[in-house]
Amino acid sequence: MTSVERPRALLAGASRRWVRWLPWAVAFVLCVALLPTTVVVLTADYGLNGAVASALAVAQTAPLLLAVVRPLHAWYVVVAADVAGALALLTVDFDARLLWPFPPMELVGYVALCLALGLRERRRTLVLVWLATAGANVGLGFAAPHGAGARDLLLTILGGVTLLLSAALRERYEAQRRLAEQETISEAERGRRTLLEERARIARELHDVVAHHMSVITVQADTAEYRLAALPPDAREEFTSIAATARESLGEMRRLLGVLRSEETRGELAPQPGLPEIEQLVAATARTGAPVDFTPCATTVDAEVPEAVGLSAYRIVQEALANVVRHAPGAATRVALSVSRPADADADADEGAGAGAGADEGGGAGGARRLTVLVVNGPPPDPPSGPLEAGGTGHGLVGMRERVRLVGGTLDVGPLPDGGFRVAARLPLTEEDFT
């Protein structure tokens, strides 16, 4: 058994409560005002019987409350009551200066009803409503007691204008609502696409790193029998099995991750960058005229940093410096790398612009060590009138967060009180911490 959906009131989807109650308030005020007015005018001015006038007044005004929920049903009742009222006026003798077939009170109620129809019904329905109104108006004109005139078509003219304006208003609102929804969907899709592209890029880079290690394993296993003298036969077979398994795994990995390379992407022959290349990146940025201060890690620590962590650190610094060039050209910038225990790393990151240089490089006893990557820039000397790069996606931080999440680290980004910006990443240096 299917459930029947209850009709919604006009403006029921509005965010503000008073807007949702507005149609009910207008309908109630019209009923309270038009009901006694109609009775008085029909009896005093037109000379209609009081009982008939009262019945017509109720039939012509009460459906306005129904129009808030079901305007088309209300229209059926009101049109029938208006036509009945026009026919009832033919039985009495009234002054020629008075409007016929529809007195002023009926015009006001009908215009309000047309407004409700235009805000709810489709174009085809509105056209049929107007044609029915025009047909009834013209048909009654042939029975006009004092001759037909242009003013007798007021109901058709005012109703048509109201239907047109209210329908245009509704369609404009619907277009704006769909545009807002589409913009929301597009923004979400843009963010999702940026995230997927960054994940694909990370996967390609890690693929190159892992492929290098797998290739080394394969070469070492294949050459073991030539490098190691007097290998037992079982050991030689073991090395041969290791080499075959490594080659098979390498092939499977390349086939699975090969789809991540687009047709325009060429396989990179150079090793992926790491901590040693950050200094070159900073120097290249400094050559553009940006004052950049670099505090590197101790040279003995570079070899202890896993390649995935070094690659993530390089990309984070690369994106942070690119943002400085784009959004704060000429701003004094500091790039600092340090290795410390978690407590030391947190203290360093909280120091803002002065963080990074004073970290405990030795690591000490106890506690897993972490690499702290800190990029802090001050406000630009001359605020730019607009972004230097108009085609940016606006999702540069997405890649940073994804890289940090990949290696199990944390990322802290945000503006500084002086107008600068800070990027602080903490990356674990032990394989056990990668989650």
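Where is the place of proline 101? Proline 101 sits in the loop between helix 4 and helix 5 (helices are DSSP runs of H or I with at least four residues, numbered from the N terminus). Before going on, some housekeeping: this is a predicted model, where local features need pLDDT of at least 70 and side-chain atom pairs count only at pLDDT 80 or more, while totals for chains, interfaces and linings use all residues. Residues are numbered from 1 along each chain as its sequence is written, and side-chain values use heavy atoms, leaving out hydrogens and water.

Now show the backbone at tryptophan 100 and proline 101: the peptide bond joining them is cis, with omega about 15 degrees. Most peptide bonds are trans, and most residues other than glycine have a negative phi.

For a phi that is positive, select leucine 11, a non-glycine residue with phi near 60 degrees. You'll find leucine 11 in the segment before helix 1 (17-45).

Leu10, Leu11, Leu119, Tyr173 and Glu174 lie nearest the centre of the second largest pocket, which is lined by 14 residues. A pocket here is an open set of points on a 1 Å grid over the protein atoms alone, where a 1.4 Å probe fits, with protein on both sides within 12 Å along at least five of seven lines; lining residues have an atom within 4 Å of a point. The volume of this second largest pocket is about 560 Å³, taken as the space filled by probe spheres set on the points. Colour by element and you'll see helix 5 and helix 7 (154-227) each supplying at least two lining residues, with helix 7 giving the largest share, four. By class, the lining has nine nonpolar, one polar and four charged residues (Ala, Val, Leu, Ile, Met, Phe, Trp, Tyr, Cys and Pro are nonpolar, Asp, Glu, Lys and Arg charged, and the others, Gly among them, polar).

Next, select helix 4 (residues 71-89) and helix 5: their axes come within 10 Å and cross at roughly 155 degrees (axes are lines fitted to C-alpha atoms over the stretch in contact, with angles from 0 to 180 degrees between N-to-C directions). That makes helix 4 roughly antiparallel to helix 5, the term for angles over 145 degrees. The crossing is left-handed, meaning the near helix is turned anticlockwise from the far one by less than a right angle; clockwise would be right-handed.

Keep helix 4 and bring in helix 2 (residues 50-61). Helix 2 and helix 4 pack at about 155 degrees with axes 8 Å apart, so helix 2 is roughly antiparallel to helix 4. Helix 2 passes helix 4 in a left-handed crossing. Contacting residues include Leu56 and Gln60 of helix 2 and Val78, Asp82 and Gly85 of helix 4.

Last stop: helix 5 (residues 104-120) with helix 6 (residues 123-141), whose axes come within 10 Å and cross at roughly 160 degrees. This crossing is right-handed. Look for Tyr110, Leu117 and Gly118 in helix 5 meeting Leu126, Val129 and Thr133 in helix 6: four nonpolar, two polar and no charged residues.

Note on methods. Contact = heavy atoms within 4.5 Å. Parallel < 35°, antiparallel > 145°, perpendicular 65-115°, else oblique.
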